[in-house]
Amino acid sequence: MPSNFYYGWAIVFACAALLFVSVGVGYYGLAVYLGPLRELHGWSNFEVSFATGLYFAFSGLSSAVIGPQIDRHGARRWMIPGLLLIGLASVGIGHVTSLWQLYAAYMGLA
């Protein structure tokens with residue numbers, strides 16, 4: 001980084017990008033999946049939309065548990081497991097065959 005660049009701005013931009021992706025996938029991404037999941041599996045709007053509620057509830061709960069661990073031990077130890085979990089959950093959405101799998105995928109995204 002150039003010497004006149006304040007490092008805090010890199011953190012701000014990284015957090016903004018992370019929030020953009022997490023909200024985009026978790027909240028607005030459901031609109032992309034809602035119709036196809038309903039038609040393919042015959043699930044109701046409520047059953048598919050409930051995944052979004054689980055996403056935000058589990059996100060809040062997991063943040064309360066993982067956040068203090070990151071404060072104590074640093075973020076590096078959580079980066080690879082977190083990326084792997086998000087990647088597997090994202091791929092898993094395309095392969096769901098039952099509701100519990102959809103819910104598990106969305107909790108993995110959280």
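Let's start at the surface, where Phe 5, Tyr 6, Trp 9, Val 12 and Phe 13 form a nonpolar patch with about 570 Å² of accessible area together. Such patches are made of residues with over 30% relative accessible area and no salt bridge, nonpolar side chains (Val, Leu, Ile, Met, Phe, Trp, Tyr) being joined within 5 Å and like charges within 9 Å. A salt bridge here is a side-chain nitrogen of Lys or Arg within 4 Å of a carboxyl oxygen of Asp or Glu, and accessible areas come from the Shrake-Rupley method with a 1.4 Å probe, only the protein chains shown counting as cover for residues.

Keep in mind that this is a predicted model, in which local features need pLDDT of at least 70 and side-chain atom pairs count only at pLDDT 80 or more, while totals for chains, interfaces and linings use all residues. Residues are numbered from 1 along each chain as its sequence is written, and side-chain values use heavy atoms, with hydrogens and water left out.

Val 12 counts as partly exposed because its relative accessibility is 42% (buried means under 20%, exposed over 50%, partly exposed in between, with a 1.4 Å probe and protein chains only).

Now step back to the fold. The protein chain has five helices and zero strands (DSSP runs: H or I of at least four residues for helices, E of at least two for strands, numbered from the N terminus). Its C-alpha trace spans about 55 × 25 × 20 Å along the principal axes. Of its 110 residues, 21% count as buried.
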